[in-house]
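This report is meant for a reader who is meeting the structure for the first time. Please look over the sequence and the model before reading on.

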Amino acid sequence: MKLAIVQVKPRKGEFEANLAALGETFAQLAAEERPYDLIVLPEAALTGYFLEGAVYELALSAEALAQRLGETWRANAGADRAPVDIVAGFYENAEGTYYNSALYLHVDGRAQHILHVHRKLFLPTYGVFDEERFLSRGRRVDAFETRFGKMSLLVCEDVWHAIVPTIAALKGARALIVPSASPARGLDGDGELESVRRWEELLRAYASEHGVYIFYAGLAGFEGGKGMTGSSRIVGPRGETLAAAPALGACVLRGDIDFGEVDIARANLPLLGDLNAVLPDLLFDEALRAGRGQ
Amino acid sequence: MTGTERGTLPVIDVVRYEPSLEIDCGLAARWLEAFLSDELIQRRGIRRAVVGLSGGVDSAVTAYLCARALGPENVTAVRMPYRTSSTASLSDAQLVIDALGCAARTIDISAAVDGYLHYEEDADARRRGNVMARTRMLVLFDQSQKLGALPIGTGNKTERLMGYFTWHADDSPPLNPLGDLFKTQVWALARYLGVPAAIVDKAPSADLEANQTDESDLGITYALADRILALLLLGYDDARIALRGYAPRDVALVRARVEGTHWKRHLPTTAMLSNTAINEFYLRPVDY
């Protein structure tokens, strides 16, 4: 599977201009001899992340976004460069209920089909973040079939709770696709922002624990002084970073993904199998089921 | 059996958590350069910056960052002495202008300030200082208008937290690269950027009165205030801060400064009368 993670730097609120810029990137990718199979974009990729009340002006339905992405691909890449799969993070208007969502789209020469929409479960609402003031929470995480095997979509803070990637892996995901928008914090690292380092640690730990690929797409650019830290990553199923983008600026990460590596990694470190075996005992713990950790 | 320890075992103590004030200066410089070029050029389509150069370290670092982000040819440094200002302030500012090779203006604000204070001869030092600070902002905004530039703020996190600035003067420029760096971090960044030692090593001063220094005005050194502020911002109470070896007097002084000046870090208080009050209900980000 030929993968592109497109780290974009959108102009705040300018959906049409950002989609036109993405069209140019689609044309760039389509100009390569061997076609891409999957293109992954960050969270809030076509609007910018911090929108406050403007989220209601810019949110759109998954179907409307799918239509625009499909048209943009065909117009810029050429209908003969399909099929391609596209993942994008966006603010979703679901008949008046608003979510921070990501969709997985299959585009062919004539139409596009949504394979899955994931609604962000964990809406950060502390410090600089204010998502739940404007948005509703998603309720579940799924692993869905693609032509490359099962995958899960998780958005940003979803991945900061170890149980979420664990559930995705237990449901059969062989790749976790993580659109994200992370504002920079912490300068005391060794040449790397503390917040970026934390992401790197989390992604590598989850990938190696469950033997999954992680495709992390980070939004870039400054939003009212808050610098979004790009740092897109392709992490392999042994927890190895296979490709990493810088924090600043737009770019494309390109990778050939061999899902056979997942089986090899799991054979060598069968932690996911062990978890499957013990999970029923853990889940029958009454204290856990009652939602009381004490 | 080998390796069995007998008798008294060594005891290893935990280290009490204390936030680090160390910064990776190269990373900070790159990040702030990107901030300035993104916010100025990409977002606003403005390629020029105006920086009021006081001869102190904050404005020197700001000018260096602007020069890196925009090129020195797109930075105009403005010196704005008052008749009582120290001559060292002017000559130290000149060191920055010479080092960067940027454009420079010197605009004496004495006539403007005295033109008003002529009617207020009993104004005390604080009022006079505030008039000078506000006159300097008037000049910077006007010079920016003339040059098609944006005035860049120079306030650091320590002075913002301690309320040690003139409201709607020093804090008024629309972009501020240093506002989330403590003073001691600005010093570290200054050394990294190569700001002349004469500027980095001298005692910081608002230079609004003769022989004034920040640390005597504040009653505490920046080195100490920054460490206490770092803990206070994280939510540590006075007792927990004192546990780390800080004098209760210093902790109380810093806390009183911060808690007495929250209003200075906000826009004016507006009477809310509707469900569409601006910034209360009608919420749009600054870059929308």
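The model is a predicted one. In chain A, six strands form an open sheet with mixed pairing, in the order β6-β7-β8-β9-β12-β13. Because β6 (144-146) and β13 (241-244) of chain A each have a single partner strand, they stand at the edges, and one side of each is left without a neighbour in the sheet. From one strand to the next, the twist averages 20 degrees.

Strands β8 (residues 175-180) and β9 (residues 213-218) of chain A run parallel and are joined by 6 bridges; within this pairing, Pro179(A) has Ala217(A) in β9(A) as its bridge partner. Helix α6 (residues 194-210) of chain A packs on the sheet, where it touches β8, β9, β12 (233-235) and β13 of chain A, and its direction makes about 25 degrees with that of β12(A).

## Where chain A meets chain B

Between the two chains, 31 residues of chain A are in contact with 22 residues of chain B, and the buried area is about 2,100 Å², with carbon and sulfur atoms giving 58% of it. Lys12(A), Leu187(A) and Phe222(A) supply 30% of the area that chain A buries against chain B, which is more than any other three residues.

## Polar links and composition

Chain A and chain B share 3 salt bridges. Lys9(A) forms a salt bridge with Asp38(B), and their closest N and O atoms are 2.8 Å apart. On the side of chain A that touches chain B, the elements giving two or more residues are α2 (55-58), α4 (131-134), β10 (220-223) and β11 (226-229) of chain A; by class, that side has 12 nonpolar, 9 polar and 10 charged residues.

Key
Residues are numbered from 1 along each chain as its sequence is written. Chains are lettered from A and ligands numbered from 1 in the order in which they are written. This is a predicted model: local features need pLDDT of at least 70, side-chain atom pairs count only at pLDDT 80 or more; totals for chains, interfaces and linings use all residues. Side-chain values use heavy atoms; hydrogens and water are left out. Two strands pair if DSSP finds at least two bridges between them. Helices (H or I, at least four residues) and strands (E, at least two) are DSSP runs, numbered from the N terminus. Axes are lines fitted to C-alpha atoms, for helices over the stretch in contact, and angles run from 0 to 180 degrees between N-to-C directions. Contact means heavy atoms within 4.5 Å. Buried area is the accessible area (1.4 Å probe) that two parts lose on being put together, summed over both. A salt bridge is a side-chain nitrogen of Lys or Arg within 4 Å of a carboxyl oxygen of Asp or Glu. Ala, Val, Leu, Ile, Met, Phe, Trp, Tyr, Cys and Pro count as nonpolar, Asp, Glu, Lys and Arg as charged, and the others, Gly among them, as polar.
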